[in-house]
Amino acid sequence: LKQARLAVSGHSQLTTPSSLMASATERYLSEALGTYLLVFTVGCNVLSGSGAFAALSIASVLMVSIYALGGVSGAHLNPAVSFAFLLKNPENAVEMGIYAAVQIGAGILAAFSYFGLFGRTFNLAPGAGFNIYQACAVELIYTFLLVFVVLNTAGTKGYGKAGEEAKSGNQFYGLAIGFTIVAGGYAGGWISGGAFNPAVAIAIDLVSFQKGFGWCIAYVLAELAGGAAAYGAFMVVRPEETKDAEGPTVSGEKPTTVSILFAEALGTFFLVLTVGLNVLQGPTNIAAVLSIASALMVMIYALGDVSGGHFNPAVTVALVVRGAVKDYGLAGCYAGAQVLGGLIAGLTYWGISGGRAFGIGPAPGFGWASVAVAELVFTFVLCFVVLSVASLKKVELTNMFGFAIGFCVVVGGYAIGGISGGALNPAVAIGLDAANVLAGGVFWKSLMYTVVELAAGVIAAFAFMGTRSAEMEKEAPKGEYGAV
């Protein structure tokens with residue numbers, strides 16, 4: 001039974017008493033039902049013109065389906081996820097192959113269902129003005145994000161392990177996985193359509209064959225490549241996962257320096273990339289801030305126990321001043337990895353978008369004093385919340401810490417986006433400024449942002465010490481999120 005459980009536990013080893021006894025029929029029906037609901041929701045949103053809320057609706061059906069069905073089949077609902085678990089456990093090839101077939105079949109049935117409901121279809125194709133290479137780049141990158149978050153929040157032996165057996169009591173796995181669609185759907189949907197799932201791509205393309213068929217082949221290859229790359233990155237940040245599943249627990253093992261710095265660079269990369277692709281769409285993209293906040297939240301959930309999930313030099317500075325990070329050399333490496341991730345992200349969205357970029361600085365009607373106040377206050381909010389929910393001796397928010405931190409971006413992004421752009425992060429400011437240089441701009445404004453944001457981190461640390469004096473009486477916490 002245990003071996004069978006390990007074979008099918010997609011959100012993984014996602015086990016509850018019910019999943020231990022799930023039969024093959026129950027597992028396959030679970031995968032079919034969840035994938036059907038996902039594809040049908042995609043079709044209904046597109047054809048009904050739900051607009052700004054489409055990606056949120058699709059993310060939500062994925063999230064609730066994972067919570068409802070994870071205890072039965074693991075709720076992969078995506079051949080790219082099953083492919084990653086095949087790479088993780090090659091002995092499960094037959095089971096994962098059946099999963100993928102069931103998912104694709106259910107997706108096709110769902111596509112014909114929304115065709116029957118609406119009497120029309122929509123085609124799978126790159127967005128207007130983009131080619132298949134740009135679309136596939138988006139599909140690969142954000143399928144990578146989805147699968148990577150699955151593996152890290154629900155596919156590990158320790159922290160990410162979901163359900164009753166997890167020592168951490170992880171109940172956030174469904175939220176984290178679902179909201180990767182909010183991050184990627186709004187950021188990349190205008191370029192590729194935002195499938196991030198071979199079952200979705202095949203179903204949409206097949207039911208609209210009268211409008212042309214074939215794009216799904218390239219999409220599926222890109223998505224499977226994203227799944228494979230996600231598994232590779234997972235092994236970099238969690239090399240202990242190569243140990244036998246029957247071996248000792250790994251939840252207490254310290255990550256390597258390579259794992260830590262790679263995690264910081266990767267998390268910052270996805271944050272800055274999501275900022276860039278959202279902002280390039282202009283003010284009509286009213287969900288941009290929610291998408292950016294979601295990218296931060298899901299990567300905190302995925303990598304919080306590896307590196308602390310700072311993804312922001314101002315946060316690292318705040319943790320140093322607060323006393324949670326005592327290795328100043330490592331803190332400097334953190335900041336370097338974060339800036340590097342931001343720079344690579346800037347280059348990436350510049351390339352994917354066909355050479356587009358944008359500058360940072362005061363919005364029309366505002367000056368640098370306004371920018372300084374805006375960035376100072378809301379970077380303070382972000383850093384103070386990180387310190388208050390994730391650097392305590394005994395973490396009080398065991399499941400909602402990522403939500404609290406991520407939604408600081410919602411607070412600041414909507415509040416001051418029309419003043420300073422709401423960077424709240426030197427790595428974001430530097431990444432955006434560098435990308436703008438490639439488009440003919442000049443690099444210097446990010447340095448002004450950086451000074452203010454780092455100062456906000458210092459002020460947040462003193463505010464934390466003033467409101468949590470008991471936290472400063474003994475040694476700073478070790479082994480929790482945010483404390484290197």
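Helix α7, spanning residues 132-154, packs against helix α14, spanning residues 328-352, at an angle of about 145° and with 9 Å between the two axes. On the α7 side the contact is made by Gln-134, Ala-137, Val-138 and Ile-141, and on the α14 side by Thr-348, Gly-351 and Ile-352. Sorted by class, the contact of α7 with α14 holds four nonpolar residues, three polar residues and no charged ones. The model described here is a predicted one.

The protein has 19 helices and zero strands. Of its 484 residues, 58% count as buried. Among contacts in the protein with a separation of 6 or more, 81% are accounted for by residues 24 or more positions apart.

The structure holds four salt bridges. One of them joins the side chains of Arg-27 and Glu-95, at 2.9 Å from N to O. Arg-27 belongs to helix α3 (residues 24-48) and Glu-95 to helix α6 (residues 93-118), so this pair ties together parts that lie 68 residues apart in sequence. Arg-27 has a relative accessible area of 12% and is therefore buried, the limit being under 20%. Glu-95 is likewise buried, with a relative accessible area of 12%.

Another salt bridge is formed by Asp-305 and Arg-238, whose closest N and O atoms are 2.7 Å apart. Here too the pair links distant parts of the chain, with Asp-305 in the loop between α12 (288-303) and α13 (313-322), Arg-238 in the loop between α10 (215-237) and α11 (257-279), and 67 residues separating them. The two partners fall into separate accessibility classes: Asp-305 counts as partly exposed at 28% relative accessibility, whereas Arg-238 counts as buried at 3%.

Glu-471 and Arg-322 also meet through their side chains in a salt bridge, at 3.4 Å from N to O. This pair connects the segment after α19 (445-467), where Glu-471 is found, with helix α13, which holds Arg-322, and the two residues are 149 residues apart. Both Glu-471 and Arg-322 are buried.

The aromatic residues give another view of the fold. A pair of aromatic rings is described by the distance of the centres and the angle of the planes. A search of the whole structure finds 18 aromatic pairs. In one of these, the rings of Phe-144 and Phe-270 have centres 5.7 Å apart and planes at 15°, so the pair is stacked. Phe-144 sits in helix α7 and Phe-270 in helix α11, which makes this a link between distant parts of the chain, 126 residues apart. Phe-144 counts as buried at 10% relative accessibility, and Phe-270 is buried as well, with a relative accessible area of 2%. Phe-403 and Phe-407 form another stacked aromatic pair, at 4.3 Å centre to centre and with 20° between the planes. In this pair Phe-403 counts as partly exposed at 31% relative accessibility, and Phe-407 is partly exposed with a relative accessible area of 22%.

The disulfide count for the structure comes to zero. Cys-44 is buried, with a relative accessible area of 18%, while Cys-333 is partly exposed, with a relative accessible area of 40%. Ser-420 lies in the loop between α17 (408-416) and α18 (426-438). With a relative accessible area of 4%, Ser-420 is buried. Leaving aside residues up to four places away in sequence, Ser-420 touches Gly-361, Val-371, Ala-374, Glu-375 and Tyr-449.

Methods:
Residues are numbered from 1 along each chain as its sequence is written. This is a predicted model: local features need pLDDT of at least 70, side-chain atom pairs count only at pLDDT 80 or more; totals for chains, interfaces and linings use all residues. Side-chain values use heavy atoms; hydrogens and water are left out. A disulfide is a pair of cysteine sulfur atoms within 2.5 Å. Buried means under 20% relative accessible area, exposed over 50%, partly exposed in between (1.4 Å probe, protein chains only). Axes are lines fitted to C-alpha atoms, for helices over the stretch in contact, and angles run from 0 to 180 degrees between N-to-C directions. Helices (H or I, at least four residues) and strands (E, at least two) are DSSP runs, numbered from the N terminus. Contact means heavy atoms within 4.5 Å. Ala, Val, Leu, Ile, Met, Phe, Trp, Tyr, Cys and Pro count as nonpolar, Asp, Glu, Lys and Arg as charged, and the others, Gly among them, as polar. Rings of Phe, Tyr and Trp (its six-membered ring) pair if their centres lie within 6.5 Å; planes under 30 degrees apart count as stacked, over 60 as edge-to-face and the rest as tilted.
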